[in-house]
Amino acid sequence: MGEMIDAGGTEFWVERRGEGPDVLLIAGLGDVAEAWQSQLDGLADRYRLTAFDNRGAGRTRLPEGPLSVPRMADDAAALLRALAVPAAHVAGFSGGSFIAQELALRHPGLVRSLVLMSTCARPDAYFRRMTDFWHWMVERAPGERAMLEAFYLWVYTARAHADGTVDRFVEEALAFPHPQSADAFRRQLAAFAGHDTLDRLPGITAPTLVLAGELDIATPPRLGRAVAERIPGAEFEMIPGEAHQPFQEAADVFNARVDAFWREVDAAADS
């Protein structure tokens with residue numbers, strides 16, 4: 001069961017699970033804390049996991065004023081401080097990985113390690129045109145179901161569309177009592193589309209693992225590889241046969257890999 005936490009004057013919905021080294025999970029566009037359910041369930045025997053609703057998603061309201069990735073990174077930092085977490089392993093997915101990059105750059109002392117899933121450092125022409133399409137898709141889709149079915153074409157594998165997984169995710173999203181408004185979707189999307197850390201990535205000092213789905217068309221592996229090449233000592237791995245959201249579709253594979261990475265980081269720190 002989650003709760004509202006005041007962090008820097010904004011109330012954030014937070015889900016916490018487990019005991020052990022702290023892990024902060026940062027969701028992507030439109031996603032809420034429950035997006036990380038497979039990690040909250042699968043890793044709680046080893047870690048104290050914190051997931052939360054970003055501004056404008058789920059139960060965290062979107063205040064007036066500009067929204068940017070740096071501001072959302074400051075939100076994450078304020079949340080860690082409000083929870084009295086001195087430093088955490090940070091895992092970010094998609095837009096959440098953009099936030100994680102900025103968090104590591106703006107608040108390095110709070111980041112024990114970084115896992116960047118389905119990431120990029122500077123949107124390219126394809127990404128910009130894709131997000132331009134999403135802007136008008138959310139306005140012109142004939143209904144919420146149609147919008148989700150279209151949006152999930154960029155998110156999940158053909159396998160997940162064929163075996164009923166996507167249908168289940170659509171039904172869960174439609175039943176969720178705190179849907180994201182079209183305005184909040186567009187404002188989050190605009191913030192993520194304006195993300196640019198490419199020239200600053202060499203300033204990240206935290207141990208970093210960059211993961212990419214082999215079949216990801218939203219943030220193709222080449223974008224993740226470019227991130228890893230800019231961060232000193234970063235590891236890059238591609239997950240075969242997966243698309244944009246492997247932490248849901250291939251949760252066991254994702255969980256095993258990040259667990260091994262965090263154990264390595266903690267062991268190195270303790271040696």
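In what sense, parallel or antiparallel, do strand 7 and strand 8 pair, and over how many bridges? Strand 7 and strand 8 pair in the parallel sense, over five bridges; two strands count as paired if DSSP finds at least two bridges between them. Leucine 211 has glutamate 237, in strand 8, as its bridge partner.

A quick word on ground rules: this is a predicted model, where local features need pLDDT of at least 70, side-chain atom pairs count only at pLDDT 80 or more, and totals for chains, interfaces and linings use all residues. Residues are numbered from 1 along each chain as its sequence is written, and side-chain values use heavy atoms, leaving out hydrogens and water. Helices (H or I, at least four residues) and strands (E, at least two) are DSSP runs, numbered from the N terminus.

Zooming out, eight strands make an open sheet with mixed pairing, ordered 1-2-4-3-5-6-7-8. Strand 1 and strand 8 each have a single partner strand, so one side of each has no neighbour in the sheet.

Now for helix 9. Its buried residues (under 20% relative accessible area, 1.4 Å probe, protein chains only) are Pro221, Leu223, Gly224, Val227 and Ala228. They span an arc of only 160 degrees around the axis, which puts them on the same side of helix 9. The arc is taken from the directions from the helix axis to the C-beta atoms. These elements are among their cover, with contact meaning heavy atoms within 4.5 Å:

| Element | Residues |
|---|---|
| Helix 3 | 95-106 |
| Strand 6 | 111-117 |
| Strand 7 | 208-213 |
| Strand 8 | 235-239 |

Note on methods. Buried means under 20% relative accessible area, exposed over 50%, partly exposed in between (1.4 Å probe, protein chains only).
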